[in-house]
Amino acid sequence: MTTQLLSGLNPQQAAAVTLGPEHALILAGAGSGKTRVLTTRIAWLMANGRVSPMGILAVTFTNKAAREMLLRLSTLTAVNPKGMWVGTFHGLCNRMLRLHHRDAGLVPSFQILDTQDQLAAVKRLLKARNIGEDRAPPRQLASFINGCKEKGQRPADVEAFDDYNRRFVELYAGYDAQCQREGVVDFAELLLRSHELLERHQILREHYQQRFRHILVDEFQDTNALQYGWLKLLAGAGNAIFAVGDDDQSIYAFRGADVANMLAFEREFAVQHRVKLEQNYRSSGHILDCANALIAHNDRRLGKDLWTEEGAGERVVVQELPSDAFEAQWIVEQVRAIVRDGDRRSDVGILYRSNAQSRSLEHALFSAGIAYRVYGGLRFFERAEIKHALAYLRLIEREEDDGAFLRVANFPLRGIGTRSLEQLQDLARAKGCSLMEAVRTASEGGPGGASLGRLRQFAQLISRLRQESALLALPDAVRKVINDSGLVAHYSMEREGQDRLENLEELVNAAAAFVQEESFGLDTPSTLAALETEPVGVLTLTPLAAFLAHASLEAGEHQALSGDDAVQMMTAHAAKGLEFRHVFITGLEEGLFPHENALSQEEGLEEERRLMYVGITRARQRLYLSFAQTRMLHGHTRYNLRSRFLEELPDAAVRWLSPRTSQRSSSSWAQPQWSGHNAGSDRQHQGHPGPEPARLGHPLLHQPLEDQACTVQLLVEHLDSIHPLRVGSRVRHGRFGEGVVIELEGRGRDARAQIRFGAHGIKWLALSVARLEVL
DNA sequence: TCGGTTCAGAGTATT
DNA sequence: TCTGAACCGA
């Protein structure tokens, strides 16, 4: 049985899987079979009787990763993994808090605020305190609160060093009080509460320490201080942490992730076993050479080199284009060629640094009639109509939920205006009760007669729904709520309400699917057995409360914009964990990728490089890198240098399709190096390794005839804009002295340059007027 | 309460 | 340039 588990693993993987019950750090390179090692380890531990299913805790960051792990486990073992503690940090903390809600100081059916809800709660707090949003910007306050919580700090722990800060701390305290009153917790609170629970309750802590003999952590490099602290509390004397991560793929420092946790873990736990997984099963050799060479430019690394048993494959293609529009057009051509060669559109991933870049790409793909799908839009449970329906459900579950009350008291419209709601809030504040309670007790001094009647009707609607839905199965209850609340009627009246109606219907389906999943997980005999020592709390949660928690913790799929076989477009961040046969990384320009905001500190640059590394290692077979000489950004045409990352790739693994200028700062504009003849246009698809780049001619001239007129026109326009300055050029000005060009825009007489002068700061100068000496 | 206008800001993102 | 949010008048 165990030999079968180990078959097909390479020596390092097998070593990791079969490590003894001690702490271990697994450095798992991209495409090295990380998930396989994690799940096989769990299966192996159980198969050898080293641990029972309930002795395992496996934690990931995303629901997707958790699902993947459960799926693989179900193929590796006979145990139903649903009852095991496998999930996201937030999911597991939620589970723990439900079980021990009393010790955690929470009501049993506490609700979870997502980011939107949290922001609304913060705004409500500011309003209640009459604090203008200019004095405390809600977003800033929310992120301050989250930042504190992620460092493990309650208001009392935060050092208030100035008045501004003191106000934030004060508001943080007010926010926590408001949440407590309403019985809601935000995402960070789930973790912090759970941390405090373990910290303060020795018996509980020891119970879990003894129970979870093996703690397995996925993507360890992404843990923040609080998550690491939580793991430390769970790690008692007799258990083992199996941490899997890749410092080279740490790209979330900006949201609190701290790679240093990897080293801290080795040190604090006196980790004896560090296993490196370096054999890559995804990409061909040239692609890996690029990845290795690039990441070698980072200083702070644990050190790792990817290799493959497969061949070198095709060289990585680099293409320079005159503008973002041309870049998009070039990609369209390549995708067409790929499809002509028999691959699917969905084999293609197009990556970019920032979402704004998707526009020109979408435009080109759309015009070319190529189906594409952009990741990153609104997700199912984040849609307004769904949030509305959920707000009704939340009020039914817990009438103290003022956030939900305010969201739907007057939606659909029932004549309860802002004014009445404000009065009601004042009343509730004065009485120290919830809005719903305030409606019930309001007589005089509250909202005026007519409004009060409507408010009472609303309150009656909610209690009627509560009573009636209690008798129904969850999906039927959801259907009743969306109908009787008037949501369905409202959206059927709306011109563009059809999609929203469909989404509401989908919510009913989601509830049905949820009920089915849950009953699988909790009612099968094997998992009940696994849960036998579990306090009953989790089983007493109503299906509705459980569904609401599910809706908050799992926002659902990103919307798909087009059919099944579609080109996949996303940011490099979103691509982490995915792979494509063919990958385009676009916009490889200084200021974009690496992003300008990251350039000021060395750490920022290294993170950008890791992001590039993540992008490169997504490709299985072919990798296309492109950059544009000019790009429209924020309404200005920017003239960017090509990305330094391109210089960091090994020549032998790369094929430049466009002539490679020797200096990144040299002007390829002043001396266009393409021949201007339509040489080589009979080639089926340039972009694949083929004839000498020098003989290619400018790739744009390979466009179909009907497009060529416009192409030439565009080229002429671009040539018109020649001037000797580039971003980065050093110049001298009579009055301001020496400076550096940081941006260029306009052309001809309108051309302007933004220049940073030492003592005189940053200035915009018209090139036709200013006397500039280029240094 | 809606619709239009104005204004600022513009990175990456999971739960 | 474009977008989302805030604000004001009907």
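Reader: Between which helices is the loop that holds proline 412?
Author: This is a predicted model, in which local features need pLDDT of at least 70 and side-chain atom pairs count only at pLDDT 80 or more, while totals for chains, interfaces and linings use all residues. Residues are numbered from 1 along each chain as its sequence is written, chains are lettered from A and ligands numbered from 1 in the order in which they are written, and side-chain values use heavy atoms, without hydrogens and water. Helices (H or I, at least four residues) and strands (E, at least two) are DSSP runs, numbered from the N terminus. The loop of proline 412 lies between α17 (402-408) and α18.

Reader: What is omega for the peptide bond from phenylalanine 411 to proline 412?
Author: Most peptide bonds are trans. The bond from phenylalanine 411 to proline 412 is cis, with omega near -5°.

Reader: Is serine 434 buried or exposed?
Author: Serine 434 sits in the loop between α18 (418-431) and α19 (435-441). Buried means under 20% relative accessible area, exposed over 50%, and partly exposed in between (1.4 Å probe, protein chains only). At 10%, serine 434 is buried.

Reader: Which backbone nitrogen does the side chain of serine 434 reach?
Author: Apart from neighbours within four places in sequence, serine 434 is in contact (heavy atoms within 4.5 Å) with Glu399, Glu400, Asp402 and Ala428. The side chain also reaches, at 3.1 Å, the backbone nitrogen of glutamate 437.

Reader: What is the relative accessible area of asparagine 130?
Author: Asparagine 130 belongs to the loop between α6 (115-128) and α7 (138-150). Its phi is positive, near 60°, in a residue other than glycine. Asparagine 130 is exposed, with a relative accessible area of 72%.

Reader: Which strands stand at the edges of the open sheet?
Author: The sheet has 6 strands in the order β3-β2-β6-β7-β1-β8, with parallel pairing; two strands pair if DSSP finds at least two bridges between them. A strand with a single partner has one side left without a neighbour in the sheet, so the edges are β3 (85-88) and β8 (273-277).

Reader: What is the bridge partner of valine 59 in β6?
Author: Strand β2 (residues 56-60) and strand β6 (residues 214-217) pair in the parallel sense over 4 bridges. In β6, the partner of valine 59 is valine 217.

Reader: How many residues are around DNA strand B?
Author: A residue is near a strand if one of its heavy atoms lies within 4 Å of it. By class, the surface near DNA strand B has 6 nonpolar, 15 polar and 4 charged residues. Asn63, Thr115, Arg353, Asn355 and Thr571 come nearest among the residues around DNA strand B, which number 25.

Reader: At what distance from a base oxygen of DNA strand B is the side chain of threonine 115?
Author: Of the atoms of DNA strand B within 4 Å of the protein, 52% belong to sugar or phosphate and the rest to bases. A polar side-chain atom of histidine 90 lies 3.3 Å from a base oxygen. For an N or O atom in the side chain of threonine 115, the distance to a base oxygen is 2.8 Å.

How values were computed:
A polar contact is a pair of N or O atoms within 3.5 Å; within protein, one must be able to donate a hydrogen and the other to accept it, and residues adjacent in sequence count only if both atoms are side-chain atoms. Ala, Val, Leu, Ile, Met, Phe, Trp, Tyr, Cys and Pro count as nonpolar, Asp, Glu, Lys and Arg as charged, and the others, Gly among them, as polar.
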